[in-house]
Amino acid sequence: MFSETIPFEEIGEREVVSLFAGCGGLDLGFLGDFTYLGLHYPRLHNRIIWANDNNHAACDSYRKNIGGHIFCGDINDWIDSLPESADIVIGGFPCQDVSINGKQQREHGTRTILYKTMIEAINRLEPTVFVAENVKGLLSSDFGEQILSDFRIPGYSVSYRLYLSSDYGVPQRRTRLIIVGVKGEMPFIHPPPQSLVVETTCKEAIGDLADMNWCEERAHIWSRAKRSPEQGNRRLKANAPSTTIRAEHHGNVQWHYELPRRISLREQARLQSFPDEFRFSGGMRETERQIGNAVPPVMAWHIAREIENQVFS
């Protein structure tokens, strides 16, 4: 677990509930106090008091790195264990039913419909702020419009924006939709890009790992799947951010920009902006799924800091 360098009682705390937490990328961003590529992201004034995910390996990773307050299993089985209140509710509700890489089941799918459970939790807890994350495909369908409409919860000013993670110091061109609701009439103003001129490149992010041998202790291990058409034949570019690190690729993760192999789990985690101290549970495919499903912690930190400055200052 990452250290708490400043006692909560000295800086105050806001209680956070995290739904669909996965291994904890969004949660780590909301906590802060981690170092990535030599930059320290300071502790924010948040404390996560309750979290949930249904993937056992992800929950184990969460316990190792974030804390033991995660309840593992179907959210509908655990929702009655929610605390009575929270200051912030966060969550990346499942997106496979609207993702361009999914089956496009939309309103007929069983996973994205779970956004309604997040709305139920918001209505129960009445937080000052809620943050929901999903894929950009949500904006390209009538079903997505329905989801956005449902998140316009009475009593909240709701805004949303597409974020490009490479604009916020993440060496990956990953686009995600962020929905923020603030209690009252003042909407959240989304933080402007932090990398207006120079993006962090793949070589800057993972270049130091190129000469490292296979190392299970550091999760520097990689898929030996053969080249295949489309997604399985993608090679990173040394002087550009990575393409999107995906959760489901059947081992066909991107190739290293100069080495004759696919990128390792640790390299994938680096490109998602996880600090090297973050440890994952589960086998290779399970770890790839956790990394690909996560919200980049560095991008999440910029959003959380802006919420702190605008709403709670």
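Predicted model: local features only at pLDDT ≥ 70, side-chain atom pairs only at ≥ 80, totals over all residues.
View 1. Residues are numbered from 1 along each chain as its sequence is written, and side-chain values use heavy atoms, with hydrogens and water left out. E6 and E7 (residues 129–135) run parallel and are joined by four bridges; strands (at least two residues) and helices (H or I, at least four) are DSSP runs numbered from the N terminus.

**View 2. Strand E6 (residues 88–91) also runs parallel to strand E1 (residues 14–19), to which four bridges join it.** Ser18 stands opposite Ile90, and Leu19 stands opposite Gly91. Ile88 and Ile90 point one way from E6, Val89 and Gly91 the other way, and all are buried, that is, under 20% relative accessible area with a 1.4 Å probe and protein chains only.

**View 3. The open sheet has seven strands in the order E5-E4-E1-E6-E7-E9-E8, with mixed pairing.** Two strands pair if DSSP finds at least two bridges between them. Strands E5 (70–72) and E8 (156–164) stand at the edges with a single partner strand each, so one side of each is left without a neighbour in the sheet.

**View 4. The largest nonpolar core has 52 residues, and Phe30, Val131, Leu271 and Met299 have the most contacts inside it.** Such a core is a set of buried Ala, Val, Leu, Ile, Met, Phe, Trp, Tyr and Cys residues joined through side-chain atoms within 4.5 Å. Helix H10 (residues 297–311) gives the most to this core, with seven residues.

Technical notes. Buried < 20%, exposed > 50% of the residue type's maximum accessible area, 1.4 Å probe, protein only.
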